[in-house]
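Here is my note on this model, point by point. It starts with the aromatic rings and then turns to the cores and the surface.

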Amino acid sequence: LLQPADSVLGEARIVGSENRSEGLRTKGVNALLAGRYAEAASLLSEVRRLRSGSLPDSYLPQTYYYAGDRQRAEALLDSLRHSPAVPAATRARATLASLLAARGDTLNARALLGEVARGSYMDHHVAYSVGVAQAQLGDLAEARDWLTRLREHTDKPVRYLVLSHYHAVRVLGASAFEAEVVIAHEQTRRLIAERGKQDWESEY
């Protein structure tokens, strides 16, 4: 699906050239999900430049993280969590909590989870990141409790879980969804086979 999307995005950028930053952002997110991190970083950095340095969401820091630049990713997320835009700030807090939990910074991860819990905003991005963070912290009951909050948005069972790319925090927490079918790109499946056991042993 990601390859045809690139072609469609190219056509859309020509038609809607006046909204260049949104077209670049969408193309950058597509590159991120396809595992093309250098390309994604370039595109999303350009979006940030076009928006006078503002960071509209967590995709650029996530790109840095997956590309191996953890410090830069965490610094951007820490900045974004103070955004006046409540959805962006809450997602940044939840995402940062999951990254900190994955590397054993339990104190700061729990502090961020507390900020999320005290807030009023919730969507599936936030619920998932918090659930994964709780799982990384070893609070499995809490993790499942957060994932049940998805039921506030839908009563349908989780039939399909899509792993868009490899990342230990996401992959190791995927079983909590109890999905009937797990879908992943060939490259993602290969990375799970190569690194999954090692990452599991390092975390658990």
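1. This is a predicted model. Ring pairs join Tyr37, Tyr65 and Tyr66 into a cluster. Two aromatic pairs are present in the structure.

2. The pair of Tyr37 and Tyr66 is tilted. Its ring centres lie 5.9 Å apart, with 40° between the planes. The pair links distant parts of the chain: Tyr37 belongs to helix H3 and Tyr66 to helix H4, 29 residues apart. Both Tyr37 and Tyr66 are buried.

3. Tyr65 and Tyr66 form the edge-to-face pair, because their planes stand at 75° and the cut-off for that class is over 60 degrees. The centres are 6.0 Å apart. Tyr65 has 18% relative accessibility, so Tyr65 counts as buried. Tyr66 is at 14% and therefore also buried.

4. The largest nonpolar core has 33 residues. Leu60, Tyr64, Leu113, Val126 and Val130 touch the most other members. Helices H2 (20–33), H3 (37–50), H4 (59–66), H5 (70–80), H6 (86–102), H7 (106–118) and H8 (124–136) each give two or more residues. H6 gives the most, with eight residues.

5. Which residues does Tyr64 contact, leaving aside neighbours within four places in sequence? They are Ala41, Ser45, Asp69, Arg70, Arg72, Ala73 and Leu76. A second, separate core holds seven residues, including Leu147, Leu163, Ala174 and Phe177.

6. On the surface, Tyr160, Val162, Val181 and Ile183 form a nonpolar patch. Together they have about 360 Å² of accessible area. Strands E1 (160–163) and E2 (181–184) each supply at least two of the patch residues. Val181 lies in E2. Its relative accessibility is 35%, so Val181 counts as partly exposed.

Notes
Residues are numbered from 1 along each chain as its sequence is written. This is a predicted model: local features need pLDDT of at least 70, side-chain atom pairs count only at pLDDT 80 or more; totals for chains, interfaces and linings use all residues. Side-chain values use heavy atoms; hydrogens and water are left out. A nonpolar core is a set of buried Ala, Val, Leu, Ile, Met, Phe, Trp, Tyr and Cys residues joined through side-chain atoms within 4.5 Å. Buried means under 20% relative accessible area, exposed over 50%, partly exposed in between (1.4 Å probe, protein chains only). Helices (H or I, at least four residues) and strands (E, at least two) are DSSP runs, numbered from the N terminus. Contact means heavy atoms within 4.5 Å. Patches are made of residues with over 30% relative accessible area and no salt bridge: like charges are joined within 9 Å, nonpolar side chains (Val, Leu, Ile, Met, Phe, Trp, Tyr) within 5 Å. Accessible areas come from the Shrake-Rupley method with a 1.4 Å probe; for residues, only the protein chains shown count as cover. A salt bridge is a side-chain nitrogen of Lys or Arg within 4 Å of a carboxyl oxygen of Asp or Glu. Rings of Phe, Tyr and Trp (its six-membered ring) pair if their centres lie within 6.5 Å; planes under 30 degrees apart count as stacked, over 60 as edge-to-face and the rest as tilted.
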